[in-house]
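This briefing is meant for someone meeting the structure for the first time. Please keep the sequence and the three-dimensional view at hand while reading the points that follow.

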Amino acid sequence: MDKTPRTLPRKSATFDDYTLSEIRRAASTGIYDIRGAGAKRRLPHFDDLLFLGASISRYPLEGYREKCGTNVVLGTRFAKTPIELKIPITIAGMSFGSLSAQAKEALGRGATIAGTSTTTGDGGMTPEERGQSKTLVYQYLPSRYGMNPDDLRKADAIEVVVGQGAKPGGGGMLLGQKISDRVAAMRCLPKGIDQRSACRHPDWTGPDDLEIKINELREITNWEKPIYIKIGGARPYYDVALAVKAGADVVVLDGMQGGTAATQEVFIEHVGQPTLACIRPAVRALQELGMHRKVQLIVSGGIRNGADVAKALALGVDAVSIGTAALVALGDNDPRWESEYEALGTTAGAYDDWHEGRDPAGITTQDPELAKRLDPVLAGRRLSNYLKVMTLEAQTIARANGKSHVHNLEPEDLCALTVEAAAMAQVPLAGTDWIPGRGGY
Amino acid sequence: MNELDLKTVGVRGINSQLHGLAQDTNEKHWVIRNPMGQHNIACGVSAPLQIEIHGHVGFYCGGMNKDAELTVHGHAGVGTAENMMSGVVWVKGNSSESAGATGNGGLLVIDGDASSRCGISMKGIDIVVGGSVGHMSAFMGQRGNLVVCGDAGDALGDSIYEARLYVKGKVASLGADCIEKEMRIEHLADLERLLKAAKRREKPSEFRRYGSARKLYNFSVDHADAY
């Protein structure tokens with residue numbers, strides 16, 4: 001036997017196992033990979049920021065005893081009836097079609113108990129969702145599936161969807177497996193065919209047209225409803241400025257960690273900016289227009305806990321929105337279904353083939369047997385518990401920084417652990433007073 | 001008959017007046033004067049009114065119309081009768097882009113020409129155009145009928161689903177998955193009904209029918225070149 005020392009087998013960092021598996025999959029099928037959820041790659045995120053807390057230079061508030069407000073009012077610019085929420089965490093738009101009716105009902109129940117809003121999606125408003133949601137935001141999407149003036153008037157706010165973080169510039173996709181009779185009827189399409197939602201609205205192009213479109217929606221709803229504009233994290237400084245110009249009451253900004261029901265993996269991982277990178281340009285646009293806090297800013301994409309909420313608010317955001325985390329709270333990717341995830345070739349925590357409609361947790365499916373697994377009452381309670389925990393966590397942090405309302409958190413309460421995060425969040429690198437891009441560096 | 005002067009009451013005044021009327025109102029006939037090309041006139045009306053607009057209108061006139069019969073004695077801008085649910089919107093002149101976009105029901109008649117994307121994403125509306133339509137008309141059309149008595153521009157019916165297209169004149173080109181289809185008896189009958197409703201003198205036999213080849217309904221990599 002040759003005793004010559006040999007190096008260990010070494011895998012390429014460039015051609016890692018995942019990359020190799022994707023090359024083999026592509027070569028075998030000839031089709032790009034489609035999946036749900038948002039960007040999975042490691043990105044600069046809220047974990048790269050820390051709060052400083054209080055000491056002598058700042059005075060903390062007493063936990064549990066001294067009040068720390070969490071309410072937020074959305075739509076104060078033009079709407080006759082703005083929305084007041086108890087907590088600054090909303091539920092993002094997810095469609096009936098991508099989710100089961102039970103899951104949509106559970107989102108409405110959980111949000112209502114917690115005192116916040118939920119949002120329809122690309123597929124119209126279901127009675128279950130309207131009935132269980134005290135405050136419901138109705139999305140106005142390019143496809144206009146299920147759009148009608150009666151539901152528009154039943155909504156508490158209207159969200160004109162221009163884009164989303166997982167695929168800024170991309171349309172929607174609901175594959176035939178998930179098109180049940182009910183979904184097909186709501187969308188005016190035959191059962192079982194792939195439903196592509198357009199990436200642009202059919203009757204307006206650009207901010208000048210959008211302004212007229214928003215006025216139409218206001219006219220139809222008697223100028224009562226707050227009108228949100230949702231954008232993906234593409235060019236946040238310019239897009240937020242144009243949304244304000246077009247007349248938005250609220251801007252919803254979704255970073256690349258924000259989820260989707262289904263799109264190409266290459267789109268999710270390679271188009272758009274991380275949530276952390278989007279916030280400061282968006283806030284700067286609002287400040288320069290004199291509209292910060294007048295046009296409210298909601299940010300979504302990778303919000304997981306009260307620390308993320310507090311950090312986003314400290315950077316100038318009025319509220320955050322959760323989608324993926326809300327689904328996990330309902331029961332998505334729960335290890336209790338591990339044997340079934342394995343049978344689908346995946347594992348709990350990694351399941352993202354939401355478009356296939358075979359979700360063992362019964363959430364991203366239209367299969368009645370699977371959907372029955374989710375108890376909307378119980379799942380709604382789990383969501384409200386989770387929202388309450390996030391709120392308590394954000395309050396804990398706010399009090400520790402001496403703030404009597406979570407909206408009083410400010411960039412000066414933060415430092416960054418990495419140069420990248422310091423540059424994106426425009427807060428000093430920990431232990432220094434250095435903010436990359438400022439002061440001549 | 002009731003008259004509303006936009007110059008006096010503005011778009012908000014007109015719409016709030018029309019929206020405030022009950023389904024069974026006796027004040028059914030409304031005339032709007034001096035529209036001055038303003039946008040969003042008579043959008044969101046949900047009562048069986050007869051509304052006549054004397055002059056030109058801007059974007060989204062008759063948007064989301066339900067039950068009302070609206071006549072524009074002039075030209076119309078972008079998105080006329082967009083997302084209409086029911087009723088009738090009748091433009092005596094020409095209409096700009098995206099006329100009848102995403103309409104769910106009712107009848108849209110344009111006596112003159114319509115521009116590009118007429119009937120885009122239509123979901124059950126019937127549209128009769130006396131003149132010609134521009135490019136990408138009936139793009140992703142899901143349901144309903146588009147009748148064109150003149151010519152159709154490029155990429156007619158691109159990515160069409162189940163909408164039915166009838167064109168009397170020339171079609172510059174067909175979009176992805178749109179093909180000429182056989183005109184059967186039921187189509188001729190349907191077309192006759194639509195032409196009659198739009199007070200057209202053309203005969204159904206003068207038209208050709210176009211619709212979906214249904215080859216792109218479920219994604220196949222072999223059809224990737226079609227996109």
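**The sheet of chain A**

In this predicted model, chain A holds an open sheet of eight strands, paired in the parallel sense and arranged in the order E5-E15-E14-E12-E11-E8-E7-E6. Strand E5 (89–91) and strand E6 (117–119) of chain A stand at the edges with a single partner strand each, so one side of each has no neighbour in the sheet.

- E5(A) is paired with strand E15 (residues 319–322) of chain A through three bridges, and the two strands run in the parallel sense.
- Within that part of the sheet, A:Ile91 has A:Ile322 in E15(A) as its bridge partner.
- Helix H2 (residues 101–114) of chain A packs on the sheet, where it touches E5 and E6 of chain A, and its direction makes about 160 degrees with that of E6(A).

**Helix pairs in chain A**

- Helix H7 (residues 236–245) and helix H9 (residues 275–288) of chain A have axes that come within 8 Å and cross at roughly 40 degrees, which makes H7(A) oblique to H9(A).
- The crossing in which H7(A) passes H9(A) is right-handed.
- On the H7(A) side the contact involves A:Pro236, A:Tyr237, A:Val240, A:Ala241 and A:Val244, which meet A:Cys278, A:Pro281, A:Ala282, A:Arg284, A:Ala285 and A:Leu286 in H9(A).
- Sorted by class, the contact of H7(A) with H9(A) has ten nonpolar residues, no polar residues and one charged residue.
- Helix H10 (residues 306–314) and helix H14 (residues 376–400) of chain A pack with their axes 7 Å apart, at an angle of about 55 degrees, and H10(A) and H14(A) are therefore oblique to each other.
- H10(A) and H14(A) also form a right-handed crossing, to which H10(A) brings A:Gly306, A:Ala307, A:Val309 and A:Ala310, while the contact residues of H14(A) include A:Met390, A:Leu392 and A:Ile397.
- By class, the contact of H10(A) with H14(A) has eight nonpolar, three polar and one charged residues.

**Where the two chains meet**

- The contact between the chains involves 22 residues of chain A and 37 residues of chain B.
- Which element gives the most to the side of chain A that touches chain B? Helix H6 (residues 206–220) of chain A does, with five residues.
- On this side of chain A, the residues that touch chain B divide into eleven nonpolar, six polar and five charged.

**The sheet of chain B**

- Chain B has an open sheet of eleven strands with mixed pairing, in the order E1-E2-E3-E4-E5-E6-E7-E8-E9-E11-E10.
- Strand E1 (2–5) and strand E10 (178–181) of chain B are the edge strands, each of which pairs on one side only, and the twist from one strand to the next averages 15 degrees.
- Strand E5 (residues 88–91) and strand E6 (residues 107–110) of chain B run parallel and are joined by four bridges, with B:Val91 opposite B:Ile110 in E6(B).
- Helix H1 (residues 6–19) of chain B lies across E1 and strand E2 (29–33) of chain B, and runs at about 125 degrees to E1(B).
- Helix H2 (residues 185–197) of chain B packs on the sheet too, touching strands that include E6 and strand E8 (143–148) of chain B, and its direction makes about 65 degrees with that of E8(B).

**Confidence of the model**

- The model scores ipTM 0.96 and pTM 0.96.
- Chain B averages a pLDDT of 96, and 97% of the residues score at least 70.

Methods:
Residues numbered from 1 in each chain as written. Chains lettered and ligands numbered in written order. Predicted model: local features only at pLDDT ≥ 70, side-chain atom pairs only at ≥ 80, totals over all residues. pLDDT = per-residue confidence, 0-100. Pairing = 2+ DSSP bridges. Contact = placed C-beta atoms within 7 Å. Axes fitted to C-alpha atoms, helices over the stretch in contact; angles between N-to-C directions. Nonpolar A, V, L, I, M, F, W, Y, C, P; charged D, E, K, R; others polar. Parallel < 35°, antiparallel > 145°, perpendicular 65-115°, else oblique. Left-handed = near helix turned anticlockwise from the far one by under 90°.
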